[in-house]
Amino acid sequence: MSHKITFREFTKEDVGPLKNFNCATFPLKYSDSFYQSLLLLPELTRLAFDGNDLIGAICTRTENQPDKSVHLYIMTIGIKPAYRGVGLGKELMREISQVEFLHEVVESIYLHVHEANTEAISFYQKLGFLVERRVPYYYPRLDPPHGFILRTTLPNLCEVFKSIPRKFSSLENKQQTQVKQTQQELKQKVEEQQEVQKQVEQEEVKQVEQEVKQQQQEVKQQEEKTNQLP
């Protein structure tokens, strides 16, 4: 590890590397439309590099609620194994907390965490997140299948980071584009991202349904074989 870590926002040239990174980091395979949705608001995806090596990433999206409030949802956050435990997760969270326009439109930041992942729960609690509620069967592929929603606000997160010094002395933020946008432009981008995200979620649900159907067929075939035994 060189500790010459740089952080920047997501670009279309990063789609391939991020796909490979996510495949190596998470059990779920994300569809092409997932990565296309990230490009609609690239400021909300931050990447960490050691030289040219992608070593960490956080992907978030905005969500409109029925009461017309807007919230930031953390979809994924991952660190390359060799770089875990040195503060990169906190720095990726800090990167997101410094996206300027979010402070104008977002009321809270939240995520789901598997209830057995006590290490992750502790990580977020140290950053000021509170356990909001338990969500039964949110992770149908895991055992146990339940999760928690953890939530905080961006002002609270920024306040926590005031007491957490930068981990890397040579931290740089090259190529970041903190472009100020009008509320109308932001609203349009948020709506576009959410529309694409709906398609992503529909594809993920379809994938899970196909897997469940296949499992049911396998169980049925096994039962039929058992019944045919003398």
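Trainee: What is the order of the strands in the open sheet, and what kind of pairing do they have?

Mentor: The general idea first: strands of a sheet pair through backbone hydrogen bonds, either parallel or antiparallel. In this predicted model, seven strands make an open sheet in the order β1-β2-β3-β4-β5-β7-β6, and the pairing is mixed. Two strands count as paired if DSSP finds at least two bridges between them. The strands themselves are DSSP runs (E, at least two residues), as are the helices (H or I, at least four), and both are numbered from the N terminus.

Trainee: Which are the edge strands?

Mentor: They are β1 and β6, each of which pairs on one side only. Across this sheet, neighbouring strands are turned by 25° against each other on average, ignoring direction. For angles like these, axes are lines fitted to C-alpha atoms (for helices, over the stretch in contact), and the angle between N-to-C directions runs from 0 to 180 degrees.

Trainee: Which elements does α3 touch when it packs on the sheet?

Mentor: Helix α3 touches β1, β2, β3, β4 and β5, and its direction makes about 150° with that of β4. Another helix, α5, lies across β4, β5, β6 and β7, running at about 160° to β5.

Trainee: How do I read the numbering and the limits of the model?

Mentor: Residues are numbered from 1 along each chain as its sequence is written, and side-chain values use heavy atoms, with hydrogens and water left out. Since the model is predicted, local features need pLDDT of at least 70 and side-chain atom pairs count only at pLDDT 80 or more, while totals for chains, interfaces and linings use all residues.

Trainee: What is the mean pLDDT of the protein chain?

Mentor: pLDDT is the predictor's confidence in each residue, from 0 to 100. For the protein chain the mean is 84, and 73% of the residues reach 70 or more. Over residues 169–180, though, the value is below 50; beyond near neighbours in sequence, that stretch has 27 contacts in the model (contact means heavy atoms within 4.5 Å). Where pLDDT is low, the predicted coordinates should not be read in detail.

Trainee: How many helices and strands are in the protein chain?

Mentor: Seven helices and seven strands. Of the contacts with a separation of 6 or more, 70% join residues 24 or more positions apart.

Trainee: Is strand β1 largely enclosed or largely open?

Mentor: Start with the cut-offs: buried means under 20% relative accessible area, exposed over 50%, and partly exposed in between (1.4 Å probe, protein chains only). In β1 (residues 5–9), four of the five residues are buried, so the strand is largely enclosed by the rest of the structure. Over the protein chain, 43% of the 230 residues are buried.

Trainee: In what sense do β1 and β2 pair?

Mentor: They pair in the antiparallel sense, over five bridges. Follow F7 and you reach its bridge partner in β2, A48; follow I5 and you reach D50, also in β2.

Trainee: How many salt bridges does a search of the whole structure find?

Mentor: The rule is a side-chain nitrogen of Lys or Arg within 4 Å of a carboxyl oxygen of Asp or Glu. The search finds nine. In one of them, the side chains of D53 and K80 meet at 2.8 Å, N to O. That pair links distant parts of the chain, 27 residues apart: D53 is in strand β3 (residues 53–64), and K80 is in the loop between β4 (70–79) and α3 (88–97). D53 is partly exposed at 30%, and K80 is partly exposed at 31%.

Trainee: Where is H146 placed?

Mentor: H146 is in the loop between β6 (130–135) and β7 (147–152). At 12% relative accessibility, H146 counts as buried. Leaving aside neighbours within four places in sequence, the residues in contact with H146 include E115 and R134, the two that meet in a salt bridge.
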